Amino acid sequence: MKKTYKIEVDCANCANKMEDAARKTAGVKNATVNFMTLKMSVEFEEGQDPKAVMQEVRRNCKKVEDDCEIFL
């Protein structure tokens, strides 16, 4: 399953940090962040609960870029 989320981030470098953090999160098959459109696309591993996984993605992104936001 793949979903797209609106994000708020200040710079392209920060967006790259968010993308890396999301990709390393358990339950995420792949993630891409588009700084120009301020969107994050996340592909979930089969059988995963997107809401639970995205809570963890948000926590991981806040660790690397504390002023970012993901609108779930």
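Student: With which side chain does the side chain of N60 make a polar contact?

Tutor: A polar contact is a pair of N or O atoms within 3.5 Å; within protein, one must be able to donate a hydrogen and the other to accept it, and residues adjacent in sequence count only if both atoms are side-chain atoms. Here the side chain of N60 pairs with the side chain of T25 at 2.8 Å. This is a predicted model: local features need pLDDT of at least 70, side-chain atom pairs count only at pLDDT 80 or more, and totals for chains, interfaces and linings use all residues. Residues are numbered from 1 along each chain as its sequence is written, and side-chain values use heavy atoms, with hydrogens and water left out.

Student: Is N60 buried or exposed?

Tutor: Buried means under 20% relative accessible area, exposed over 50%, partly exposed in between (1.4 Å probe, protein chains only). N60 has a relative accessible area of 15%, so it is buried. N60 is found in helix α2; helices (H or I, at least four residues) and strands (E, at least two) are DSSP runs, numbered from the N terminus. Contact means heavy atoms within 4.5 Å, and leaving aside neighbours within four places in sequence, N60 is in contact with A21 and T25.

Student: How do α1 and α2 pack?

Tutor: Axes are lines fitted to C-alpha atoms, for helices over the stretch in contact, and angles run from 0 to 180 degrees between N-to-C directions. Angles under 35 degrees count as roughly parallel, over 145 as roughly antiparallel, 65 to 115 as roughly perpendicular and the rest as oblique. Helix α1 (residues 12–23) and helix α2 (residues 50–64) pack at about 140°, with their axes 8 Å apart. The two helices are therefore oblique to each other. Contact is made by K17, M18, A21 and A22 of α1 with V57, N60, C61 and V64 of α2.

Student: Which value of phi does L38 have?

Tutor: Most residues other than glycine have a negative phi. Phi of L38 is near 55°, a positive value in a residue other than glycine. L38 lies in the loop between β2 (28–34) and β3 (39–44), and at 27% relative accessibility L38 counts as partly exposed.
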